[in-house]
Amino acid sequence: MIKPVILVTGADLAPQAIEILKDFQIIYAGKAPRPEDIVTLCRQHNPAAILLRYGKVNAEMMDAAPALKVISKHGSGTDTIDKDAATERGIRVVAAIGANASAVAEHALTLLLACAKSTIALNERMHSGHWDKATHKTIELNGKTIGIIGLGAIGQKFANMCSALGMRIIGFDPYAKPVSEKIQLVDLDTIWRESDAISFHCPLTPENQNLLNENTLQNCKDGVIIINTARGGLINEEDLMHAIKSTKVSMAGLDSFVTEPMTAPHPFHGNPRIVLSPHIGGVTNEAYINMGIGAAKNILSALSSLEATKQ
């Protein structure tokens, strides 16, 4: 009996996820699949599901796989999937929501602390033989206001961490379910106006693209810290660069970028007031397993649901 195919846009999958998908043939697209590679594999194997780790899924890929019924994201963000095209073709789009929440929240906190405490710059100075105790002061986060945009699983975990630091927490999310009493729900204008640091934890949509831009930055406090572990498109990178040069933004900790992998040279490169990481917030051993299990279970659930509707 020929097993239905699942195409994984990556080079591997957690063993626990593979076990869940044991009744399927798993085809791997490699660690850095190009769009044309995915189209070719779709034509060759006609998968019933695509498990999306890296890259994007567009209409051409969907049309190359007539048997395709499910696109399952290995993570929570589905902005790399053409959802309109999927809807038109009756293809389910599902995500492993919350599977990497702890990992990303911890990374956001790491970037916030690195910015506030000048960790990277001081480390480099120390290794060069300097002792800057008499000339350098860092920022104390206790009592400061953190503005959180997006209060899903990641945003709320991050809020709990900031609360433990003694920070005042304000948050914006028009779709938020009941949130912790530690979080004061406010509008975006209040986020810009009152936050000493702002952290992004929302999906990228056409409505919020370039949410942080020249106009919104003008409404922020002088010296605000910007943290982004969500999607690069939430921030107008050119406007952020101008704000850093003018010191409107004192520091930025960025894990997500408009173009990924980041092109070199990039305006952010070499700026000591920008802490960079390669969209690695959700990449931990635990999150790798949790996202794989979540994505695999979502495939089985979606296929089962679709089968039930036929009967």
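Biologist: Which residue does arginine 34 form a salt bridge with?
Modeller: The partner is glutamate 36, and the closest N and O atoms are 3.6 Å apart. Keep in mind that this is a predicted model.

Biologist: Is arginine 34 buried or partly exposed?
Modeller: Arginine 34 is partly exposed, with a relative accessible area of 46%. Glutamate 36 is partly exposed too, at 44%. Salt bridges with shared partners also link Arg34, Glu36 and Asp37 into one network.

Biologist: How many salt bridges are there in the whole structure?
Modeller: The search finds 12.

Biologist: What does arginine 53 pair with?
Modeller: Its side chain meets that of aspartate 12 in a salt bridge, at 2.5 Å from N to O. Arginine 53 sits in the loop between β3 (49–52) and α3 (59–63), while aspartate 12 sits in the loop between β1 (5–8) and α1 (15–20), so the bridge ties together parts that are 41 residues apart in sequence.

Biologist: Where do those two stand on burial, buried or partly exposed?
Modeller: Arginine 53 is buried, at 15% relative accessible area. Aspartate 12 counts as partly exposed, at 35%.

Biologist: Why can such side chains pair at all?
Modeller: Opposite charges can pair when the charged atoms come close.

Biologist: And lysine 22, which residue does it bridge to?
Modeller: Lysine 22 forms a salt bridge with glutamate 19, with 3.5 Å between the closest N and O atoms. Lysine 22 is partly exposed at 48% relative accessibility, and glutamate 19 is partly exposed at 47%.

Biologist: Changing topic to helix α10. Which of its residues are buried?
Modeller: Helix α10 covers residues 237–245, and its buried residues are Glu237, Asp239, Leu240, Met241, Ala243 and Ile244.

Biologist: What happens at the start of α10?
Modeller: A side-chain oxygen of asparagine 236 comes within 3.2 Å of the backbone nitrogen of glutamate 238.

Biologist: And which residue has a positive phi just after α10?
Modeller: That is threonine 247, with a phi of about 70°.

Key: Residues numbered from 1 in each chain as written. Predicted model: local features only at pLDDT ≥ 70, side-chain atom pairs only at ≥ 80, totals over all residues. Heavy atoms only, no water. Salt bridge = Lys/Arg side-chain N within 4 Å of Asp/Glu carboxyl O. Helix = DSSP H or I, 4+ residues; strand = E, 2+ residues; numbered from the N terminus. Buried < 20%, exposed > 50% of the residue type's maximum accessible area, 1.4 Å probe, protein only. Polar contact = N/O pair within 3.5 Å; in protein donor to acceptor, adjacent residues only side chain to side chain.
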